[in-house]
Amino acid sequence: MSDDSLLDRALVRLEAAASHLQIDPDVIEKLKYPRETTKMRLMIRMDDGSRKSFLAWRCRYDDTRGPTKGGIRFHPDSTVEEVETLAFWMTFKCAVMDLPYGGGKGAVRVDPRTLSKSELERLSRAYMQAFASVVGPDRDIPAPDVYTNAMIMGWMADEYSQIVGSVSPAVITGKPIALGGSLGRNDATARGGYYLVRHLAQELGLGEGMRIAIQGFGNAGQFYAKLAAGDGHKIVAVSDSSGAIHAPGGLDVEKLLAGKNAGQSVTVLAESLGAKVIPADDLLGVECELLVPAALEDMITTSNVRSIKAKVILELANGPITPDADKILEERGIVVLPDILANAGGVTVSYFEWVQNRQGYYWDLEEIHARLKKIMEREGRAVWTIARDRKVTARTAAYIHALSRLSTAIEAHGTQSFFAS
């Protein structure tokens, strides 16, 4: 792996896309750097009476196309570099899906599993107290991310409403349904990827009864397993923080999900599922047609990429493949459906939630699924067509697709050629 930062490696995608378009230098200059990154210390009272501080950030990367949008993660390894890179990806993700948003992201450096429920609520409210001047329904709209959930978003929305003195559900998405959340948000990331693969199955060479390996069996991984199994596909391997399990004949997904919902790890469940426990990294090398990375960034690198046997990779995680590993996959002819397209179902349904909050009218589940399916298929087809016509990877095609929209918006404000004429 190179010594470049995570953001440096992300910007490689921007440069690759720009080489295929006639882009004004002003556009690249604007997109190379985040517009605004705010750093705060959150001080909360712990249950034992002591006070403890936690480092927190919120980045608004670019707001040319609308208010910034992006999740808040609670993770012990979060850094400002990670937050800015995730906000960069969100900028392009929203543009790929043609949503009227820019990209944002937030994080608190904390292991939430070490906090009581009361401490977690105090931390969530402290985050909103610290960043209330940064966020807003027309400025920056957070959402759940790693180790955050609907209840945490509900606490944050309530805190914001108390600060501004009016009920403002549109300030945040991914809330509980009773507090203005949208139906269909819980499985939106997985469902978007599911619609994408199903729509492009013929072009991808994927048929019925395909074998699927899922790296990271959290929210997105679990919902994807359920949706794919419902279509008759076999989930042959899954992993979580405890390790991985493998069953060449397919896992009993309902039993697996029941065990996870009861708080058990996949390795504990292995024996009851007739599966073999394998090292977590060995999941990448199992025999399958579709590999679904659904964990964290940089999970597939030059050290393990050559073990992959899948013909297609669906990136439900953000940035799971390093650029160097990406090149090896391209050389091997393995198709990667990139994160800024593949996992964009989450932000798309978040957009639906924001729209519903603002108009005070809520859609039923069937309408949300239909709207999501239409957008995923429309933008997935557009990206596939660009990849085919320009003879580039699907990732480069997705960035070309997004950059063309971003450049149009940035250039509409005037560029050097306009002012120098």
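Colleague: In which handedness of crossing does H8 pass H9?

Modeller: H8 passes H9 in a left-handed crossing. Bear in mind that this is a predicted model.

Colleague: What describes two packed helices?

Modeller: In general, a packed pair is described by the angle between the two axes and by the distance between them. In this model, the axes of H8 (residues 219-230) and H9 (residues 253-261) come within 10 Å and cross at roughly 160 degrees. Angles over 145 degrees count as roughly antiparallel, and H8 and H9 are therefore roughly antiparallel to each other.

Colleague: Which residues of H8 and H9 meet?

Modeller: From H8 come Gln222, Ala225, Lys226 and Ala229, which meet Val253, Glu254, Leu257, Lys260 and Asn261 of H9. By class, the contact of H8 with H9 has 4 nonpolar, 2 polar and 3 charged residues.

Colleague: Next, helix H10. Which of its residues are buried?

Modeller: An α-helix has 3.6 residues a turn, so residues three or four places apart point the same way. In H10 (residues 266-273), the residues Val266, Thr267, Leu269, Ala270 and Leu273 are buried. Viewed down the axis of H10, these buried residues fall within an arc of 150 degrees, so they line one face of the helix.

Colleague: Which exposed residues does the face of H10 turned away from the buried side carry?

Modeller: Val268 and Glu271 are the exposed residues on that face of H10.

Colleague: And what covers the buried residues of H10?

Modeller: The cover includes strand S7 (234-240), strand S8 (243-246), helix H9 and strand S9 (276-278).

Colleague: What follows H10?

Modeller: Gly274 follows H10, and its phi is positive, near 70 degrees.

Colleague: Now single residues. Is Leu31 buried or exposed?

Modeller: Under 20% relative accessible area means buried. Leu31 has 1% relative accessibility and so counts as buried. Leu31 lies in helix H2 (residues 25-31). Leaving out residues up to four places away in sequence, Leu31 touches Leu11, Leu14, Tyr61, Asp62, Phe88, Thr91, Phe92, Leu403, Leu406 and Ile410. The C-alpha atom of Leu31 is separated by 34 Å from that of Val167, 136 residues apart along the chain.

Colleague: Is Gly249 buried or exposed?

Modeller: Gly249 is at 57% relative accessibility and therefore counts as exposed. Gly249 sits in the loop between S8 and H9.

Colleague: How many residues apart in sequence are Gly249 and Lys234?

Modeller: Gly249 and Lys234 are 15 residues apart in sequence, with 7.4 Å between their C-alpha atoms.

Conventions. Residues numbered from 1 in each chain as written. Predicted model: local features only at pLDDT ≥ 70, side-chain atom pairs only at ≥ 80, totals over all residues. Heavy atoms only, no water. Axes fitted to C-alpha atoms, helices over the stretch in contact; angles between N-to-C directions. Helix = DSSP H or I, 4+ residues; strand = E, 2+ residues; numbered from the N terminus. Parallel < 35°, antiparallel > 145°, perpendicular 65-115°, else oblique. Left-handed = near helix turned anticlockwise from the far one by under 90°. Contact = heavy atoms within 4.5 Å. Nonpolar A, V, L, I, M, F, W, Y, C, P; charged D, E, K, R; others polar. Buried < 20%, exposed > 50% of the residue type's maximum accessible area, 1.4 Å probe, protein only. Arc of directions from axis to C-beta.
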